[in-house]
Every structure is written in C-alpha cells, then in structure tokens.
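Q: Could we go through this model together, taking each feature in turn? I would like to hear the general idea and then the case at hand.

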Amino acid sequence: MPDAALYLTILIALPFVGSVIAAFFPTNARNAEAWLAGTVSLTNLVITIMFLPSVRNAKVVRAEYEWLPDYGLNFIARLDGFAWCFSILIFGIGFLVVLYARYYMSPADPAPRFFSFLLAFMGAMTGVVLAGNLIQLVFFWELTSLFSFLLIAYWHHNQNARDGARVALTVTAAGGLCLLGGMLIIGHIVGSYDLDVVLASGDRIVSHALYLPTLLLVAMGALTKSAQFPFQFWLPRAMAAPTPVSAYLHSATMVKAGVFLLARLWPVMSNHEYWFWIFASVGVLTLLIGAFMALFQQDLKGLLAYSTISHLGLITLLLGLGSPLAMVAAVFHIINHATFKASLFMAAGIIDHEAGTRDVRRLGGLFRAMPITATLAMVAAASMAGVPLLNGFISKEMFFTETIESHGNSVLDNNLPYLATLAGMFSVAYSVRLIDQVFFGPAATDLPRKPHDPVIWMLVPIGLLVLICLLIGILPGPTVGGFLATAVQGVLGPQLPSYSLAVWHGFTPALIMSFVALIGGVVTYFTLKTYLSGNIEGAPVLRRLKGKRIFERAIVILSWRWARRIADIVGTTRLQPQLRLLLLIAMLAALWPLSAGALASGALALDVDWPFAVDPSFVLLWIVGCGCALGAAYQAKYHRLAAVIIMGGAGLATCITFAWLSAPDLALTQLLVEIVTTVLLLLGLRWLPQRLEDTGVRISFGARLRRLRDLGIAIVGGAGLAAIAYAVMTRPQINSISSTFLERAYSEGGGRNVVNVILVDFRGFDTLGEITVLGIVAITVFALLRRFRPARVSVEAPRQKRFQNQFDADRYDAPKAGIAAHYMIVPGLIMRLLFPVVAMMAVFLFMRGHDAPGGGFVAGLTFAIAFILQYMAGGARWVEARLRVLPVRWIGVGLLVAAATGLAALVFDRPFLTSAFQYADLPVLGRVPLASALVFDFGVFSLVLGATVLVLIALAHQSIRIYRAMAAAKAAETDAIEEAR
Amino acid sequence: MNWLEHLTVAPILIPLVAGGFMLLLDGRNRTVAAAINVVATLSLLVVAIMLVALEGGQNAGGHVYLLGNWPAPFGIVLVADRLSVLMLLVTAILGSATLLFALARWDKAGAFFHPLFQFLLMGLNGAFLTGDIFNLFVFFEVLLAASYGLALHGSGPARVKAGLHYIAINLVAALLFLIGASLIYGTAGTLNMAALATRIAGLPPDERLLFEIGVAVLGVAFLVKSAMWPIGFWLPNTYAAAAPPIAAMFSILTKVGIYAVLRLGFLVSSSEDDVSLLFGGNWLMVGGIATILFGMIGIMASQEMAKLAGFSVLVSSGTLLAAIGYGGAAVTGGALFYLVSSTFAIAAFFLLIELVERGRAPADDVLAVTLEAYGLDDPDEADDSGEVGIAIPAIMAILGSAFIACAVLLSGLPPLSGFVAKFAILSALVEPTRGPTESWGAWAVFATILMSGLATLIAMTRAGIRTFWASIDRDLPHVRVVELAPVAILLILCIMLTVQAGWAMRYMRMTAEGLARPGAYIGAVFAAPPAQTEPFKAAPVATTADGGPP
C-alpha cells in the first residue's frame, strides 16, 4: 500500500469526523445519518481489507506522529494481524448495525445524537485496536467508556437507562484508571510506552518486582471492560440501551476490548502462574455464573447479556491458560461470538419491536408469525449452543480440547473439563429455551402488537451474519483459516502452533464433551421448563446476590453518606476552629525548625542580650500598654466600646515606644492611625447589635476546658512571637542593606527623612501598592455598607441621645430637637473653626515630609481628621451641603498622580518610579528642595484622604438612610391607618 | 532603554491606571467603566502574549526591571522569567474570559465591580512579577483586598457570611506573611529573593534558626492561600457563594500561593545539602495528598454544583502541592501543565454552572439526592413507557457538551488536557531515577491522583445526570452568546493544550528546569544594569561585597 500512514490515520480519524458532521444534521434526518455512518464504516472496511497483504505473516504497519516527546508519548497508529481482525469486526459489524439501526430507530427518535455517538464510539474502538502506544490505548479505552455511557443513556428519560449508563461508566472508568496505572508501571519497567518495544521486552515484565501490582491493575482494566466476575453486573444493566447499541457495543466490540487487551499483553505477561490463577479462575467462574444466570432470565436481552458474560468468561479462561493453542481458540471464539451474538441481539430487537415485549414468558409461537426472523435466530442460537456445522461448535470444541490439556497440576486445572462441560450444558439449555419459548409452543395472545416479519433491510444484517456462521461452521478451513492465521500471527508471531480447522476430528474427548453438553442441556431445559415459565426473577441462590444493587448501595454509602460524615469530621465550615487550626499550624511550623535545629545541635542556645539596665518609666509604659492590650481582649466580646478605647491605650504605648526609640516618623504615623481608626470603629460600633452577657447560664465543663485550651494557645502563641521578635530585634544587623539606605538617602534620594525617602523613593513601588490596597479597602467598605441594613435593635437612637433630646425639648420647647442645635453647639463651633487650622497643619506636614517627620500619608490622615470633625459637629447632611466631598475621585486622583509621577521617568528613558530632585529658588519661600517624590507623595496624600473620608461617609450615611427608612415605614403605617379609617 | 524594556512593568501599571480612571468617574458611569475595563484587560492579554513571546524562548534568568533605577538588592526588582510570564498569560486569559461573562449581567450586581476587577488583576500580575518578598506581600494585599470586595460583590447573606470568613482567615494569613517577612529581613538583611538565595549558606547558626522560622511561617501563609488541608476550609464556601464570574476568576487565586511556594521554594533551598527549606521533610507532599483526599471527599459529598466546583479547586491545589512537594523537573513540569489546564477547566465550570442552573429550582437537587441516598428510586417502579428518544434542545445540548468537557477535564479522563496533565505527572512519578526513600511517596501521590479522578467522575456524573437528564420538563435557561463564548474559549484552550501538548509541555519542562537551577535567575537579577546616571544624581555606589553574589 503506497501511503500506509495516511490510510491508518484515516481509519481512526474518519469516524470522529463523521461523528462531528452527524451532530449537525436536523433531528429527523434518519436517512442522511444512516448514509453518512454507513459510508464511513464501509470506507473503513474497504481500507482495512486493502491492508491485508501488509499485515499477513506477522507483519506490522506503523504510522507515528510526535505528540508529547518529552514524556515518551507519541501518537502511533499500529496495525498488525490481530488489530486487523478486530478492525474487520468493528467496521463490518458496524456497517450492519448502522443499516439495522436505520430501520430500528423510530422516526421520532433524534437521529443525530445516536449516530454521532455511534460513530464516535467506532472511532474510539478503532483507536483502542490500532493503538501503538500503551497510553494511547488507555486514552481511547476511556473514550469507549464515555461514549458507551452516552449511548446507553440514549433514552435518558428512562430511569433504567440513566442508572445503567452510570453503573457502566463508573465500573469501566474505574477499571480504566487502574489500567492507566498498570500501563504507566509497564512503561516504567520496560522504559517505553511503545507497544513494539513492550512486545519485544521478553520476560522483563514477568520477572520484575512490580509484576503482581501491574498484573492486578491491568486485570482490573480488562475484567471490568469485559464484564467478568465480580464486575459482570454492569452489562445486564446496560441492556437499557437501544438494541443496535447492545448488538454493537455489548456483544461484538466494546466488551471485547478487555479480552483484546489481555491478548495484546499475553506475549509479555502470561508467562507466570499469577496470570493463570487470576484469569483462569475468574474466567471459569464467569463462564459458569453467566451461563447459569442466563438460563433464568425472563428478559430476552437479559438472557443474551448473561450469555455474553459467559462467553467472555470462556475467552478469558482460554487466555488465562497461557498456551498458544488456547490463544488460537480464544481469537477464534472472539470472531465467532461476535457473529452469532450480534445477530441474536438484532433478532431480539426485531422481536421486541414487532411484538412489543421482550419477556420470554409472554412470547411464544412466533415462528408462524415471523418465519424468516425465527429461522435466522434459531440458526444463530444453535451456533451459540455449539451445535455441529455451525461456527460456535468448532471454537467450542477447541475450547474443550484446551481444558483437557494440562497446564500445571492444580485443582482448578484438573477440574476444568468438568466445569467446562457443565457450563456448556447451561449454554445449550438457555439456547434451547430461547428457541422453544419464543418461537414455538402456543401462540402468544396478549402481545401488545401483532408480530410479523420486519422490512427486508432489517433482516439483511442478521442474514449476512448467520450466513457467516454457517459458512465457517461447514467449511472452516477455506473460509476463516487465513483470517484466523493472520489474526493469531499478530499476537504469537510468525510461528503458529499446529491446529486444524475441521468439523470432524474423529472421536475425541472434546466431541464427547460436546455431546454430553448438548444432551445434558436439552434435558436440563425440559426438566426446568415449567419452573422457568413460572413467576421467577433471576436464578435461584444467586438471585439474592444482586451485584448491581450491592454496587449501587456501596456507591451511595461510600460516595454520599460516608463522604458527608467524613467531610464533617475532617473539615469544618465554622470560623473559630479554622482560625484555631491556622494558628496551631503556624505555631507548629515555627517550632519545627526550632526543634529540628535544637535537636541537631544538642542545645537550644540563642545568644540574646537580656535587658538589665532599662529605664523604669519605659518599663511602666510597657506594663500599661500590655495591660491595655489584655484588657481589650478581655472586654472584646461583651463590651466593645470599652475594648476599643482600651485598645487605644495599647496603641498609644506603641506610639510612645516608637518615639522613645528615636523613630519620630513612625510615632507620628502611629498616633494618627490610632486616632482615625478609633473614631471610625466607634462610629461603626453604633450599628452593631448589643451583646448581652448571659450571667445566669452555667458554663459547662467542656466549654471551660475549650476556653482554657484556647487561652493556652493564645499564651503560647503570643509569648512565642514576642520571644522571636525580641531575639530578632536585639541582634546586631550584620550585613543588612538597611545601612545603605541611611548612607544613600540624602546623596541619591534627596531627602533627610530616611523613612520618607524609603517610602517614596527606594521602595516607592511598595507604597504605590499599599495605597492601592487602602483605596480598594475603602471602596469595598463603601460597597458593602451601601447594602447594609442594621439590626432592628440598633435602628432607634441610642439611650443617651434620646435622653438628651428629651431634655433639650423640655427645656427649650424647641420644635426641632437635635443634638447639634443645643448640646453640641459650642464644641461644634470650635470644630468648625478648627477645619482651616487642621488643614494648614496637614499642608505643613506634607511639605516637610521629605526632610523631617511628616509626609503624604500623615498629611492625608490629618486632613481626614479635619473632615471627621466636621461630620461629628454638623452631621453628614450639614457638611455635604457646604463642602464638595468627593472621596472616590480623590482616590482616583491619588492613584493617577502617583502612577503619572512614576511614568514621567519613562520619558527621560529611566525605569518606572525613578526619582529626580532639585533645589529651586522660589520668590517668597526661598530655596526649597523640589523632588519628583513630592508629587508622588501628593498622590499618597490624596488617596489617604479620599479613602479615610470614604469610609467615614459610608458609616455616616447609615444614619441618613436609617432615618429615611424609618420615615418611610412610618408614612406607610399612617397611610394604612388612614385607609383603615 | 527602549520601550520594550518597560513592557515588564506594564501588567501592573495598566490595571492601576485603568482602575484610577474608573474611580475618577466615581463609579457612576458604568458603561464607560466597562469600556475601560475591557480595553485594559485586552491590553493585558496583548502584553502577556508579547512577554511570553519575548521571554519564553530565552534560556536566561528572565528580564529584570529595576524599579526606581535602584540596583538589586536596594530597590525593588521585577523579574519576568518563564514562570512569571506564563502566570501572567494565564491570568490575562482568565481575566478576559470572566470579564466577558460578567459584562452580560453580573457587573451590575453591586458597586465598583470594574475597578475591583482591575485591581485584582494588578495584584495578581504584581505577585507574579516581583522579585522582592515585601513587595510580594504588598501585591498579595492588593489582590486580597480586591478579592474581598469581589467576594462580597452582589451581597446577600450567604455571600457576606462566607466573604467575612474569607476576610478573617486571610487577615491572619497576611499577619503571618508579615511576621515571616520581617524575620527574614531581620536575619538575612535583605528582602530581595535573589540576594536572599545567595545569603542563606553564610548565615551563622542563630540567624539561620530564626531565618528558618521566618521561612516556615511564610510558608504557612502561602499554604493558606493555596488552601492546603487543614487550613483550606475557607475555600469551598467562599467560592461557592461568590458570584460565578468572580469564582471563576478566583480559580487562579490558589495558584498564587502555589506560585509563591514554587518561586521561593526553589530559591530558598540551601545549597550545601540541596534540601529546600519550604519543601523539607516531605510536608508539602503529605499536605498535598491530604488536600486531595479531603477535596475528593468533599466533591462526593456536595449537593450543589458550585460546592462541587469549590472542592475541585481543593483537589487541583492538592495535586499541585503533592507534585511540587515530590519534586523533580519532570514532575514539576507536568504540574505546571496541570496548573494551567485545571485553572481553565475550573473557571469554565464555574461559569457553566451558573448558565445551567438558571431556571432550576434549588430544591430539585436536595430531593434527587435524598431519593438516591435512601434508595427510593427503585428502578422496578420506573416507567418503561415508550422507547422513543427525546430530542435535547440545542441550548441544552451545547451546555451538556460543555459539561461533559468540564467533567472530563476535571477528572483527568481522555481526550482533553486533564488527561495529558495527569499522565505527565504520573509518568514522571514512576520514573526510575529516584531513590528508594522517595518511592513510597511516589506511589502515594500516584494512587491518590488516580483515585481523585474517579471520585470526581462519580460526582460529576451524578450531578450531570440530575441536571441534564433527570428533569426533562424544566425551563430552558436563557443564555446569551456572550455568556457562552467565555466557556467555549476556555474549553477550546484546553483542547489546544491537548493537541499542542508537545509544544506546551516543552515550555513547562523548560520552566521547571529553570526553577530547579536558580543560578540563572540570581545572576540575571544582579547583573541588571541601572540606566545611565541622571544629571542631578550621583552614580549609584557599586554593589557592595555583602550585597552582590559571592
């Protein structure tokens, strides 16, 4: 073939392309969809057939594309004889299923979804088969699970379909994840994911220490996909899918992926007793259970599903035996099973369609009504039972032969022939039951519809498959010999074991087993006939063992009830435990290096200078400060006002400490911050509901214990932090960059106030960020408080205010009672007069900032205090009627000025925020230093002012809004009273 | 300096200036604010793409920008290396997508959406670019402050409650950050990350001890941000309660913590014993595994889809922490790929949830789950009526496909980038190059990642079936194209990541290898020359002996 790589790619890509196209057809375009899907599968079938010469005699065709080379993952399409055989099944049966589905689906069914998913599944399945890379195999493997899920749930309004789809997906996808794990380990052992490399690795996997986990993971993948015990339960549930899906996915292709995988890895993994034990025992169990359960099914498709499980068990068993001959039998049975089971499913679909039910007990005598369907189905069923002259007989005889062969002298091995014959008996029994109860006996009378043969095009696919059954069964050598040899060579290499494909091998033990099974099966069926027709659901004994029910329970318990319980135990949504945990973790993290380091060096010896000569007044200051801090914490819960004020004391102590330790700039800033925050907190406190101490309630012992524990955490954390802080601050800075700041502040930053130069120049970028934070916080507070509605208890005026108003009203007999008009009149006047003074102070602080304590931040806060005073004195309305207060814009201006100052440097070809300074001789002021940093500082000033005032306004407007709301409520009330009158 | 040099600072300045202008409008004219927002965000996208084009291919330590023209370690430097520009690009893409979505209706749910959004972008970009620990703190604060505002956007009791929890936790985290940073400055004498890296080895034992305490406390602050168990409980509720486009944007916030761990973790590794301080003792890996486990339990226990998405963020975070904690360039490379893929996927999912849940009564969920939990939906009673399919309306088909894509991405199933990412991490985990001591860790991470995929799949299937299949007679959601477009864009990017996996992964791997060898980064920071001396300024003193690289 000239361009093999291209055609190989087409094989995988064409179905996916078709799937995408199919999705965009109109809802009722059944014919167009069928033509599209049919063309796709036929084209691929023809391409596959053309590949035959290239894959004969164990030759391989490869196409490789680079995908993820760094991780050893390339996209490799690889076709050998075995993959070729599967491709024929996929496209051949795919084509027949498409033809069948065209007539099976009702005109009302939305065709695009069905055909689109079907084609996508076909592509995914092709991907699995043609994967030349282990990871790529898993890739398409999971895709088949996904599309199978979507196809099973095609009739998603049906609860059974939804459940069946979900169970199927959960089981097969879980298997797929295990498989991924297994494949990764194989890649790890072999050193490559390339299938050819893996297949050439000989005994490396088997002899590796990780063989058992690998095998188990791979087995999980294969056994779930092929519905082997104990994962068999998903397949019967998947029968809720439309019948073409069952015929295609759940008999011919997808469920075969598991055994395909086992056969694929068979050359490099089967040479170990674990392989035999796992797959032979699982296979034989599944074979028996499946066949036994199938006999007792009342649903036609259920019977076929269990039969499929059983036949897959047979194939798994054959693969588990590990001998090349068993391999040949397995491949042969894969082909045969696909032909007879697909046709049986299609027949079951027709019966369901025409008769309106799939219940075996209600059907009967259909032979007269639909002779063609009946004949075809009977041939297929006979093949399933292993009747001579049909293909099922030949592969089953090969199977029987293999069970007799010895594969290690174990109990399982010695009993295999008997178990196989027993399973064969059941298989015959359910086949006979299918034929007898559906097609013969008295004609059913209570059928929902009057059955008759369907249109010819629905019978053609079945007819073709049955014809193949017959041809293989009568003339195995000429028909299927080459095909089988090609397929087997794909797995075993050019050296084939000697086997003969013939109907007659003489009187062999296998023939005897076949006859025992046939006769035994017929006898079994007729013995049980009446029992089976009775009111039974499922097989005796095993009926109780509802895999599906157990599985669903387990999933619900695991994924829902336990998950919720565990989530409650190991997680929390409450704030307090979260904060406690966070602190504990932080403390542990801090202790970790301490303990590790101390343990390693043998002693916990930090050289710390202990202060022996301290000024007593400084000590007193700190005692007061610490006392305030503790007091604030103590009062915080029930006496917020007290706590806020006491906190101010602690702040003041910090302030004085800064001044004491020669940091005037810090002291000034701290002082202003303390003032502003305390005022704002007090304003906010007004709107919080009061908290009352429950003095009467006895605190339980547990609660006490919890509080003690929290106290302990607080003490350890606080003391630890204090110790660490002390240790760091008292040690000499050896090679810190801080000395550089001192040296360079004036020479390069143009300012004598080093703190300010650091803030606006060295680390001006930090300041830019921090003022942004301030601005963001302000607008956040504003946005939050705009929607804030205070609690009912905080709405009315506080007691003191009411008292004062009452007093004023009594005394002055004034119509307009108001605190501002009487009580506050003198302080108010002073506050108003202070406005220009404070403003001037702010300008002063701002101007001197670069050289002496002050600066934009402090100036902004000072100016804000001027505003706060006005609001306090006159109230929000009074101020806003007289002053244009536009804090949001001030914030904007601040940010833009600061940013523009920095950007100006770009014009001079310098990086952002490069500063410049110069002295200028101004008329009145004389020689003043002018630094670009001053403009930047103005931005800081504007923003700090804007942010503080915005928060102030957000709080102040609460009162306006609340009175408005109260007025509205009152008005509504009076209206209601008026109306009532 | 040519203008391209200044490109490094642009991702911070554009949102700053845009936000400033919006505030100048006083938040009154929403249309203009929205227009500024769109222009700024799209320019960020362009800048990010240019930066990736400029820096992505280079093998050096990245482009260093000296703010204020002060040489390292005295001033603040910005460093645009591969990791930084990658994060910038992810942020810009995410920002564009979520903004588009928000413009349809959510920006009107409260005041100041547009400036807050820009400030969030500013904080994120700054955190990704800066090469200075205190500056990192500042940008953390910027992005956190903006995220407080955005988490509360739209108000409502649930949002305010979750938002205030979020604020409280993050304030403590910020305090820890500050403590850590001051300890580091107090002992090492610098906050410049590169300078720090050169100084650790020379620290005397006492300083070293205090320094390590500082790093540990700092690490806790980062881990709060990346929501590691047991200090990440704040996340699911906050994200679930936040307005959907904001929750989608928040999917990158946890990645800031991860970024900081990556950046500092590799830099602050003591050179002599090759054990990183932040990664020491396998803590990160164990924490990551615990986070994945908790996340997956939470995913399964979630009724609302928004909660499910919130817990997916935990799984994503945990996976990253575990992978990074395990270490190695190959694993880290895979983790970076996972970072990008999972961020997009979770963002798309958050947006999608809002579209899907329109026109659905919230009680439906509770009922469906209760029925299932008690096994009341006995399939035997189910109606077998009519095996005729029901056509899915086009809008539901589109949303359904997007949902499947999200489920596939989050659970790491093929064919999308989630699978590629998981494969890369897992395959690197089983690489036979590590010693036996690490191998238990490798297997633990390996198994946990695989299990988390299954748990996600189970939960997503349950949620999907309930939403798309179980209730047929539901009202169709009214969805506009501008709202579908962002979801589509994010998902298409994930598809492109899958198709171009080789190229993308090479970038990630180069990034990871660069991180593992911080020499180039440190060299670049110290080698960056200041622009020539200004006329009125003395020449900067040459780098002092203690400041420069040894």
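Predicted model: local features only at pLDDT ≥ 70, side-chain atom pairs only at ≥ 80, totals over all residues.

Q: How far apart are B:Ser43 and B:Lys108, in sequence and in space?

A: The two are 65 residues apart along the sequence, while their C-alpha atoms are separated by 23 Å in space.

Q: What can be said of chain B as a whole?

A: Chain B contains 21 helices and two strands, and of its 550 residues 70% are buried. If one takes the contacts in chain B with a separation of 6 or more, 81% of them are made by residues 24 or more positions apart.

Q: How should I read the interface, and how much area do chain B and chain A bury between them?

A: The size of an interface is often expressed as the accessible area that is lost when the parts come together. Here chain B and chain A bury about 12,900 Å² between them, with 70% of that area on carbon and sulfur atoms. Of the area that chain B buries against chain A, 6% comes from B:Trp70, B:Phe74 and B:Trp469, more than from any other three residues. Counted by residues, 156 of chain B are in contact with 139 of chain A.

Q: Which polar and charged features cross this interface?

A: Two salt bridges are found across the interface of chain B and chain A, and a salt bridge with an N to O distance of 3.8 Å links the side chains of B:Arg506 and A:Asp70. Between the two chains there are also 14 residue pairs in polar contact, counting pairs in which both residues have pLDDT 80 or more. The side of chain B that touches chain A comprises 107 nonpolar, 30 polar and 19 charged residues.

Q: Where is A:Gln159 placed, and why does A:Gln159 count as buried?

A: A:Gln159 is in helix H7 of chain A, residues 159-190. Its relative accessibility is 16%, so A:Gln159 counts as buried, and its side chain forms a polar contact of 3.1 Å with that of A:Arg162.

Conventions
Residues numbered from 1 in each chain as written. Chains lettered and ligands numbered in written order. Heavy atoms only, no water. Contact = heavy atoms within 4.5 Å. Buried area = accessible area lost by both parts, 1.4 Å probe. Salt bridge = Lys/Arg side-chain N within 4 Å of Asp/Glu carboxyl O. Polar contact = N/O pair within 3.5 Å; in protein donor to acceptor, adjacent residues only side chain to side chain. Nonpolar A, V, L, I, M, F, W, Y, C, P; charged D, E, K, R; others polar. Helix = DSSP H or I, 4+ residues; strand = E, 2+ residues; numbered from the N terminus. Buried < 20%, exposed > 50% of the residue type's maximum accessible area, 1.4 Å probe, protein only.
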